[in-house]
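Q: Could you take me through a few features of this protein and show me how each one is read?

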Amino acid sequence: MIVVPTIRLASKSDAATIALMSRQYIEQGLGWNVSRIEAAIRSDCTNVAVTHEHGEVIGFGIMQYGEQTAHLALLAVHPNYRRRGLAARLMAWLEKSADTAGIERIVCEARSDNPAAIAFYQAQGYVQLARVAGYYRGLLDALRMEKNLWTCGAGDHR
């Protein structure tokens, strides 16, 4: 039987797993500990989405919302579940939520030493805006990327 992982909003009980995954697969000094993730889960201006299989969190995304722009703060999938389209599904879920909220564009950062992440975001329609020197612990640069949700043909927003 094939099980398709589902996506839902995170609950407080997911915070420790998300924090651990963030430290193991993303972090370079960004400070996403359990209390910060719990605060994001409670926030009216943030969506924390998780994908899970058999009750186990196997991926997550955290998106913070402003007036016209959303910021994808974190996105990760457990290594054992990569290359199955889960990150793309999480992105699509978060982007649809942003579009529904009237958000025009989404920005995110990718580590400059992570060509797989950069290629992933580009494949999702993100373009590089800038290089941010020392974004990670003052040691590693980030590439700031953006996707405009309101491009021609993407919806009836004008």
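A: At 82% relative accessibility, R83 counts as exposed, where exposed means over 50% relative accessible area, buried under 20% and partly exposed in between, with a 1.4 Å probe and protein chains only. This is a predicted model, in which local features need pLDDT of at least 70 and side-chain atom pairs count only at pLDDT 80 or more, while totals for chains, interfaces and linings use all residues. Residues are numbered from 1 along each chain as its sequence is written, and side-chain values use heavy atoms, with hydrogens and water left out.

Q: Where is R83 placed, and what is its phi?

A: Most residues other than glycine have a negative phi. R83, in the loop between strand 4 (69-77) and helix 3 (86-100), has a positive phi near 65° although it is a residue other than glycine; helices (H or I, at least four residues) and strands (E, at least two) are DSSP runs numbered from the N terminus. H54, which is not a glycine either, has a positive phi of about 50°, lies in the loop between strand 2 (46-53) and strand 3 (56-65), and counts as exposed at 68% relative accessibility.

Q: How do helix 1 and helix 2 cross, and which residues make the contact?

A: Two packed helices are described by the angle between their axes and the distance between the axes. The axes of helix 1 (residues 15-25) and helix 2 (residues 34-42) come within 8 Å and cross at roughly 120°, the axes being lines fitted to C-alpha atoms over the stretch in contact, with angles from 0 to 180 degrees between N-to-C directions. That makes helix 1 oblique to helix 2, since angles under 35 degrees count as roughly parallel, over 145 as roughly antiparallel, 65 to 115 as roughly perpendicular and the rest as oblique. The contact, meaning heavy atoms within 4.5 Å, is made by A15, A16, I18 and A19 of helix 1 with V34, I37, E38 and I41 of helix 2.
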